Amino acid sequence: MGDETGCSGDRLEAEDTRRAALLRQITEEGGFAFVSSVEKAAAGDLRAAEAAREMAWEQLHSGPWHEVVPEWRDAYAMACLHVAEIKSSGGERREALRALDMGLIMGGPLLRAELDAAIERIGSGPSDGQEAPANTGSGLGSDSGADAQKWEESLCTYKEPQEALRNLPSKSLSGKRVERRAMISFETFISDYFLRQIPVIITGCMDQWPACTKWKDINYLKQIAGDRTVPVEVGKNYVCTDWKQELITFSQFLDRIGSHKCPESTTYLAQHPLFNQIRQLKEDILVPDYCYAGGGELKSLNAWFGPIGTVTPLHHDPHHNIFAQVVGRKYIRLYPSSLSDELYPHDESMLFNTSQVDLDHIDTKAFPKIENLEFMDCILDQGEMLYIPPKWWHYVRSLSTSFSVSFWWSAATSNDK
């Protein structure tokens, strides 16, 4: 007992030291009003806590994200912690969780452990008495057997390739397919695909993932993550002019999937580090051994979750990628990096890794080189992994409600050895 008390005291002392140092840094950045509000918030003043959060939020949006002073991201997380503690003590559990999620999404790394601890403590508490439970509502938000069955059916759209063809880009599934291999050894993966920079589908390696069963259950997802706030994309894809981003609860997101009707309103949780935010979901997956090829390190672990029809435009990424299809299925088309010039990358610095070609409506007059380019493609089914080498161009379309996980890693360089 004495040791536990001592460890707890050391932890609290370390937290106080971190916070004091951060406030000194914010003072040096001219954030006197923020520091004053935080001191009042620490004494339980909700208005001061919300004022501090608003001040930090304004700093986060004062210019390009990469130019934001890192201390202001940590300051935002600190303010979110104060808001959450006060809201929680007043019985407003969901508002407290939203504040903590915003701290995780937008805040810096300094107070990450404190945010995680608060999430675990508040998230395990009773729901707000005045609010409806998270797993009730309209559409797929209810937990009736009929709605659960409808959810499962949405994961199985386009079972046959020929059914999907009418919604896929021209010439899909007519040429070279990505090779499929069953549970290949680590050595075979390195020699035949990793070193040669060739895509491959690997089957049979996800059978032990709890996610492959649990994520098919909408009630499980709502129970684990229903009250959590997540960033989503709304629109056909990120190069469209009407594309936007929103912050909604996971339950609201699931309801939107269930009521999805047109591309313009498609809601997609795309390339988000969901598993760093909602740790219970991370326990449902395993990092594939293949991600350690080349002696490098995992760079990011992202979720891709949305309804039928979500599209990621033709683009390339800088890292090795194991793209794991947990539930549902996706069509994926790939072009080697050697064809980059023929794929018409955008000139803008923000979109340099994205092609100007819309594969769903190819303009051969504007982009004549694309018409006869050879490509590889596949339908990636649930329980399968696709290795995508660095700089390989790829287009992705969901053929059902789909939940995928991407594992990005970089191989060690000679300087690392």
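Predicted model: local features only at pLDDT ≥ 70, side-chain atom pairs only at ≥ 80, totals over all residues.
Me: By class, how many nonpolar, polar and charged residues does the lining of the largest cavity have?

Reply: A cavity is a set of points, on a 1 Å grid over the protein atoms alone, where a 1.4 Å probe fits but cannot get out, and lining residues have an atom within 4 Å of a point. Ala, Val, Leu, Ile, Met, Phe, Trp, Tyr, Cys and Pro count as nonpolar, Asp, Glu, Lys and Arg as charged, and the others, Gly among them, as polar. Here the lining of the largest cavity has six nonpolar, six polar and two charged residues. Residues are numbered from 1 along each chain as its sequence is written, and side-chain values use heavy atoms, with hydrogens and water left out.

Me: Which residues lie nearest the centre of the largest cavity, and which strands supply at least two residues of its lining?

Reply: Of the 14 lining residues, Trp304, His315, Phe323, His394 and Val396 lie nearest the centre. Strands are DSSP runs of E of at least two residues, and helices are runs of H or I of at least four, both numbered from the N terminus; β6 (267-272), β8 (311-315), β9 (320-327), β13 (393-398) and β14 (402-410) each supply at least two lining residues.

Me: Which residues have the most contacts inside the largest nonpolar core?

Reply: Buried means under 20% relative accessible area, exposed over 50%, and partly exposed in between, with a 1.4 Å probe and protein chains only. A nonpolar core is a set of buried Ala, Val, Leu, Ile, Met, Phe, Trp, Tyr and Cys residues joined through side-chain atoms within 4.5 Å. The largest one has 47 residues, and Phe189, Trp215, Phe250 and Phe305 have the most contacts inside it. Another core, of 36 residues, lies apart from it and includes Val38, Ala41, Cys80 and Leu111.

Me: Which residues of α6 are buried?

Reply: An α-helix has 3.6 residues a turn, so residues three or four places apart point the same way. In α6 the buried residues are Glu114, Leu115, Asp116, Ala118, Ile119 and Ile122.

Me: Is Ala182 buried or exposed?

Reply: Ala182, found in strand β2 (residues 180-182), is exposed, because its relative accessible area is 58%. Its C-alpha atom is separated by 4.7 Å from that of Thr203, 21 residues apart along the chain.

Key. 1 Å grid on protein atoms, 1.4 Å probe; cavity = no way out; pocket = protein on both sides within 12 Å on 5 of 7 lines; lining within 4 Å.
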